[in-house]
There are 2 protein chains.
Amino acid sequence: MIKVGIVGYGNLGRGVTLAVNAASDMECVGIFTRRDPSSVCPAVNFPVYSVSELERFKGQIDVLLLCGGSATDLPKNTAGLLKDFNTVDSFDTHAKIPEYYSSLEKVAKENGTLAAISIGWDPGVFSIARMLFGAVLPQGNDYTFWGKGVSQGHSDAIRRIAGVKNAIQYTIPKDEALNAVRAGHNPDLKTRDKHLRECFVAVEDGADKSAIEQQIKSMPNYFADYDTIVNFVSDAEVKVMQQKLSHGGFVFRSGNTTDKNAHLLELSLKLDSNPEFTGSVLTAYGRAVARLAKEGKSGVVTVFDVPLKYLSPMSEEELRAHLL
Amino acid sequence: MIKVGIVGYGNLGRGVTLAVNAASDMECVGIFTRRDPSSVCPAVNFPVYSVSELERFKGQIDVLLLCGGSATDLPKNTAGLLKDFNTVDSFDTHAKIPEYYSSLEKVAKENGTLAAISIGWDPGVFSIARMLFGAVLPQGNDYTFWGKGVSQGHSDAIRRIAGVKNAIQYTIPKDEALNAVRAGHNPDLKTRDKHLRECFVAVEDGADKSAIEQQIKSMPNYFADYDTIVNFVSDAEVKVMQQKLSHGGFVFRSGNTTDKNAHLLELSLKLDSNPEFTGSVLTAYGRAVARLAKEGKSGVVTVFDVPLKYLSPMSEEELRAHLL
C-alpha cells in the first residue's frame, strides 16, 4: 500500500480525498490543515492533523499530495515540505514554472526526494497532448481552448472592485474559432477570437453598475483583450453558480505530412467537477512518485518525464495485454 | 544527428521516409528493401540498398524503422535485426503483442539492443489515451472507435473469395453509438452497435454477385458480427478508392468521481493519410529509441515505458517553458 498525506483541505483537497479513497493500492495517513483540525470535516473519514504536526510523520508517508494554491501556498511551502517528503502539486502559473522548477530541483537533489510539479489537467493532461501531438505531427499549429468553466483568477479580480459584493466569471470558447480549427483551416486566432468572458456580478446597494461594468471590461490582462459580457444578478444567484465547478477544454494539433495530406488531432475534456478531476490526476501521479522514489529517483519531474505505466495500478503485463 | 535506417518501402516506408526527411535532427543512412534496389524510387532521394546489405551497416545506424507488416514480416524479421540494431516497429496484432514482446525481450537483453514495439496510432497514440484516461479516471468505461477508414485485413479477406477481382472495405463508426457515448450515457455496446462495414467489390465477368454478397456477410470474425453493406462497382472505381488512405478514430473514457459528477475524456484523430501519419509517429519514437539506447537502455519498450520528452527534438527546458 502507498501511504499518502493530503496537505490542505479546500475544494482540491476534497477531490484528492475522494480519489485516494477510491484507490485500492493507497491508504491515507492523514489530512494536514492550517485550520483547527477539529473544524475540518472531510468527505471521507481520514484522520485530520494540524500541518504543524507533519514533521513527526517523516518516514511514514510515501508521498504528500499538495492541495494549496499556486499564487502563494505552493511557492511558499513546497520547498520546505520537499526536505522531508516526496510531493505532487498542481502549480499552474505557466509563466513561473521554470523558476519554480529550478528552486525545487536544488532542494530535492540535496535531500534525495522527488517532486512532481504542475500536475492536473492544464498543466498536466493538456500538456501531454500538446507535447505528444507536436512530436508526432511536427508541421502544424497548436490550439488550446478552455471552458466553458469558471476562472477563479478572473472571478477574484472582479470581486476586488469597489462596490462588488460577489462575482463569478465563465471562460467560454467561441464556436466560430473551434469550428475553423476542426475544419482544418489553421486560422490565425487572436486572444479575442478564441474565448468569450461572461461575468455574473452582485453589487452593493446603491453601487454604480455602469461604472463597474466599465471597470471590468477595461481591466488590463484580465478582460480588456476579450469580448466580455457583464450580467448583474443577486448574491444568492452567484452563490448558486459557485456550487457548480464544471470545466473543460480542447487541445488541437492541425498540420500536414505533405501538401496533400492534412491531419487533425484533438483532445477534449468535459468535467462536471474541476477539483474532483484535478484531484484524481494528482492521485495518479502520487502513485507514480511513490514508485519512482522507491526506485531511487530524486529531483523534480513533470508529465513529460514520467513513463505513463507508473500512473496505473495495473501491472506492465496487464497494460500490454489489455490497453496497448 | 540521429542516424536512421528504413527497412521496407511500401506505403508505410514512404511515410517514414517523408517524416525522417522533415526531422532536422535525423539523417537517413539508407532505405533497405527486399526488392531490387534499382527498382525502388523513393519519395526523397535517400540511398536504397538491398536488405541483405544491412549487416555491413552495423555500428553506423542508431535505429532501424521497420516498415513491414504484422502478419508475417515483423514476426519473422524483427528478432534477427534486433541482434545488431535498435528497432522501432508498428506490430499491431493486438492479441499477439505479449508473445511478440517476450520473444524480442530475450534477444534485446542478450545483445544490449533496444526495441520499441507496437508504435503508430493504434496501438500507439490511442494506447496512450486509453492508459492515461483510465489512470486519471479510474471509475469509468473505455470506448474505442475506428474510422471512417480502410481496413486492409478486411479488404484482403474479400479479395480471397473466388470470383472477386478487387475490393476495398471501410470501417465506419455508428453515429448513434458515438452520440450515446458523448452524451455520457455509458452505453453497453455490442460489436454490431459500434461499427458498420461497407465494402466495394469488383467481380470477375459472370461471377454470382448474390452468392459473393452472402459469402462476405456471413464470413466469421470479419463480417458476421457486423451490419455489412456490399456495393458492386468496377475495378477502376476500386482502384480510385485505393489511392486515398485516410483513416481516424476516437478513444473515450466516460466515468465518475462521485455519483453527482461525471467526466468525459475524448481523443480523436482525423487522418488524410494513415501511412504518412503512422510513419511520423514511428519516426518520433525512432528519436526516443536512439536517445534511450545512448543512455544505455536495452530491452523492449512500448508507449507505456517511454517518457514523452524523448519524442521531441526540443530540450527539456524548452518543453517546460512552452508546452507545459
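User: In which order do the seven strands of the open sheet in chain A stand, and how are they paired?

Analyst: The model is a predicted one, and in its chain A seven strands make up an open sheet with parallel pairing. At the edges stand strand E3 (48-50) and strand E14 (299-301) of chain A, each with a single partner strand, so one side of each is left without a neighbour in the sheet.

User: Which residue of E6(A) stands opposite A:Val88?

Analyst: Strand E5 (residues 87-88) of chain A and strand E6 (residues 114-116) of chain A run parallel and are joined by two bridges. Opposite A:Val88, the residue found in E6(A) is A:Ala116.

User: Which are the edge strands of the open sheet of four strands in chain A?

Analyst: This open sheet has mixed pairing and the order E8-E9-E10-E11 (chain A). Within it, strand E9 (residues 164-173) and strand E10 (residues 195-203) of chain A run antiparallel and share nine bridges, with A:Ile172 opposite A:Leu196 in E10(A). The strands that pair on one side only, and are therefore the edges, are strand E8 (149-150) and strand E11 (227-232) of chain A.

User: Which helix of chain A lies across E9, E10 and E11 of chain A?

Analyst: Helix H5 (residues 152-159) of chain A touches E8, E9 and E10 of chain A, and its direction makes about 145° with that of E9(A). The helix that lies across E9, E10 and E11 of chain A instead runs at about 150° to E11(A), and this is helix H8 (residues 209-217) of chain A.

User: How many residues apart are A:Glu266 and A:Arg182?

Analyst: A:Glu266 forms a salt bridge with A:Arg182, in which the closest N and O atoms are 2.9 Å apart. The pair links distant parts of the chain, with A:Glu266 in strand E13 of chain A and A:Arg182 in helix H6 of chain A, and the separation is 84 residues.

User: What is the bridge partner of A:Leu267 in E13(B)?

Analyst: Strand E13 (residues 262-271) of chain A pairs with E13(B) in the antiparallel sense, over nine bridges. For A:Leu267, the bridge partner in E13(B) is B:Leu267.

User: About how much area is buried between chain B and chain A, and which three residues of chain B supply more of its share than any other three?

Analyst: The contact takes 60 residues from chain B and 60 residues from chain A. The buried area is about 5,300 Å², and carbon and sulfur atoms give 63% of this. Of the area that chain B buries against chain A, 15% is supplied by B:Phe304, B:Arg320 and B:Leu324.

User: How many residue pairs are in polar contact between chain B and chain A, and which element gives the largest share of the side of chain B that touches chain A?

Analyst: Two salt bridges are counted between the chains, and the side chains of A:Asp305 and B:Lys309 meet in a salt bridge at 2.8 Å, N to O. The count of residue pairs in polar contact, both at pLDDT 80 or more, is 32. Elements of chain B that give two or more residues to this side include helix H1 (11-22), helix H10 (274-294) and helix H11 (316-322), but the largest share, ten residues, comes from E13(B).

User: What is the omega of the peptide bond from B:Gly147 to B:Lys148?

Analyst: Most residues other than glycine have a negative phi, and most peptide bonds are trans. The bond from B:Asp122 to B:Pro123 is cis, with omega near 5°, and B:Pro123 is in the loop between strand E6 (114-116) and H4 of chain B. B:Lys148 lies in the loop between strand E7 (140-146) and strand E8 (149-150) of chain B, and the peptide bond from B:Gly147 to B:Lys148 is also cis, with omega near 0°.

Key. Residues are numbered from 1 along each chain as its sequence is written. Chains are lettered from A and ligands numbered from 1 in the order in which they are written. This is a predicted model: local features need pLDDT of at least 70, side-chain atom pairs count only at pLDDT 80 or more; totals for chains, interfaces and linings use all residues. Side-chain values use heavy atoms; hydrogens and water are left out. Contact means heavy atoms within 4.5 Å. Buried area is the accessible area (1.4 Å probe) that two parts lose on being put together, summed over both. A salt bridge is a side-chain nitrogen of Lys or Arg within 4 Å of a carboxyl oxygen of Asp or Glu. A polar contact is a pair of N or O atoms within 3.5 Å; within protein, one must be able to donate a hydrogen and the other to accept it, and residues adjacent in sequence count only if both atoms are side-chain atoms. Axes are lines fitted to C-alpha atoms, for helices over the stretch in contact, and angles run from 0 to 180 degrees between N-to-C directions.
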